[in-house]
Amino acid sequence: MIIPRHTTKAVLAALLSAASFVSAVPFDTRGSGASSTGFKLIATIVNSDKKLSVPIQGAALEGAHVGAGLNTAVLNITTPGEIFYQNGTAEDVRAGKVNILTDGGTPLYPYGIGIYINETSPASPVAASINGGSGTLGVSLQAAKTGLAPGILHYGAASFMACDESLAYYGPSWKFAVVKAYETDKEKPIAIPENCVQINLHPLCASLPALPAGSVSSHEFANRIPCFESVSDII
Ligand SMILES: *[C@@H]1O[C@H](CO)[C@@H](O)[C@H](O)[C@H]1NC(C)=O
Ligand SMILES: *[C@@H]1O[C@H](CO)[C@@H](O)[C@H](O)[C@H]1NC(C)=O
Ligand SMILES: *[C@@H]1O[C@H](CO)[C@@H](O)[C@H](O)[C@H]1NC(C)=O
């Protein structure tokens, strides 16, 4: 594939989604960088040397079960993390109308990353979810500004934090690293709460497992995206 020197977002999106149809290998390390349809999401802490009781740096995103088909988005460094894919047609990619999915349950069913911004108070962080269904349209891996470098998890003007907290479902003594989204004015950034740190989430290449017969999920529109080959390239 020939990458033009000045790649516009739309062209890049079209290239990425065209590339997604050529997917015989788990992930591809030819050319300028690795790419894959499947990926894990790995957290890095932004500008903080705060030490929380739960590890954040290098931890993978997964769902903590909090009800039937309902999961709160958390980070966990001791588990392998969920394998996600960005879902959408070439047109969806151009229009920014993709979503990020993983598969769970029997038969396998799509679970989407859900990001909610508090409408009346956008700077109030709201926990993200990985619930059964499509998740939030517009959640994507925004490509880096230049070339085909891996992007970061992106939703409109949202920023992300991870907070050392318990979840009602598990009782007060079990601490999770709960991932929350919020929006803030660049001129007047909010004070990050004492139990939280600001994070970015980066794609780590992972091979997207084939779906067994009878799955409700489909990987037909899984986009090939640029990703990192190892955690040490991220943290
Ligand atoms: C939105 O923020 C307001 C003010 O902080 C709060 O009272 C309300 O519960 C929040 N709503 C949600 C859905 O979190
Ligand atoms: C994946 O994207 C396709 C194409 O837009 C859409 O029809 C399908 O509903 C999406 N799947 C989910 C689970 O959101
Ligand atoms: C990570 O997952 C393991 C295994 O399920 C669990 O024991 C541990 O408490 C989890 N840690 C966090 C921070 O959620």
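Let me begin with how residues are classed: Ala, Val, Leu, Ile, Met, Phe, Trp, Tyr, Cys and Pro count as nonpolar, Asp, Glu, Lys and Arg as charged, and the others, Gly among them, as polar. With those classes, the shell around ligand 2 has three nonpolar, four polar and one charged residues.

Hello everyone, and a word on the model before going on. This is a predicted model, in which local features need pLDDT of at least 70 and side-chain atom pairs count only at pLDDT 80 or more, while totals for chains, interfaces and linings use all residues. Residues are numbered from 1 along each chain as its sequence is written, chains are lettered from A and ligands numbered from 1 in the order in which they are written, and side-chain values use heavy atoms, with hydrogens and water left out.

Back to ligand 2, then. Which residues are around ligand 2? They are Asn87, Thr89, Asp92, Asn99, Leu101, Pro110, Ser134 and Phe221, where being near a molecule or strand requires a heavy atom of the residue within 4 Å of it. I will also speak of polar contacts: a pair of N or O atoms within 3.5 Å, where within protein one must be able to donate a hydrogen and the other to accept it, and residues adjacent in sequence count only if both atoms are side-chain atoms. The side chain of Asp92 has an N or O atom 2.5 Å from an oxygen atom of ligand 2. For Ser134, a polar side-chain atom lies 2.6 Å from an oxygen atom of ligand 2, and for Asn99 the distance from a side-chain N or O atom to a ligand oxygen is 2.9 Å. On its own, ligand 2 has 360 Å² of accessible area, and the protein covers 60% of that. Accessible areas come from the Shrake-Rupley method with a 1.4 Å probe, and for residues only the protein chains shown count as cover.

Let's move to ligand 3. Around this one we find Val54, Asn76, Thr78, Thr79, Trp174, Lys175 and Phe176. Asn76 places a polar side-chain atom 2.3 Å from an oxygen atom of ligand 3, and Trp174 has a side-chain N or O atom 3.1 Å from a ligand oxygen. Ligand 3 taken alone exposes 360 Å², of which the protein buries 58%. The shell divides into three nonpolar, three polar and one charged residues, and its largest share, three residues, comes from β14. Helices (H or I, at least four residues) and strands (E, at least two) are DSSP runs, numbered from the N terminus.

And ligand 1? A polar side-chain atom of Asn118 lies 2.2 Å from an oxygen atom of ligand 1, and one of Ser124 lies 3.3 Å from an oxygen atom of the ligand. Ligand 1 exposes 360 Å² when taken alone, and the protein buries 30% of that.

Now for the aromatic rings. Trp174 and Phe176, from the shell around ligand 3, belong to one aromatic cluster together with Tyr169 and Tyr170. Rings of Phe, Tyr and Trp (its six-membered ring) pair if their centres lie within 6.5 Å; planes under 30 degrees apart count as stacked, over 60 as edge-to-face and the rest as tilted. The count comes to six aromatic pairs. Among them is the tilted pair of Tyr170 and Phe176, 4.9 Å centre to centre with 50° between the planes. Phe176 is buried, at 8% relative accessible area, whereas Tyr170 is partly exposed at 26%. Here buried means under 20% relative accessible area, exposed over 50%, and partly exposed in between (1.4 Å probe, protein chains only).

Last, the salt bridges. How many salt bridges are there? The count is two, taking a side-chain nitrogen of Lys or Arg within 4 Å of a carboxyl oxygen of Asp or Glu. One joins Glu165 and Lys180, at 2.6 Å from N to O. This pair links distant parts of the chain, with Glu165 in strand β13 (residues 158-167) and Lys180 in strand β14 (residues 171-183), 15 residues apart. Lys180 is buried, with a relative accessible area of 12%, and Glu165 is partly exposed at 23%. Another pairs Arg94 with Glu91, their closest N and O atoms being 3.3 Å apart. Both sit in helix α2 (residues 90-95), three residues apart, about one turn of the helix.
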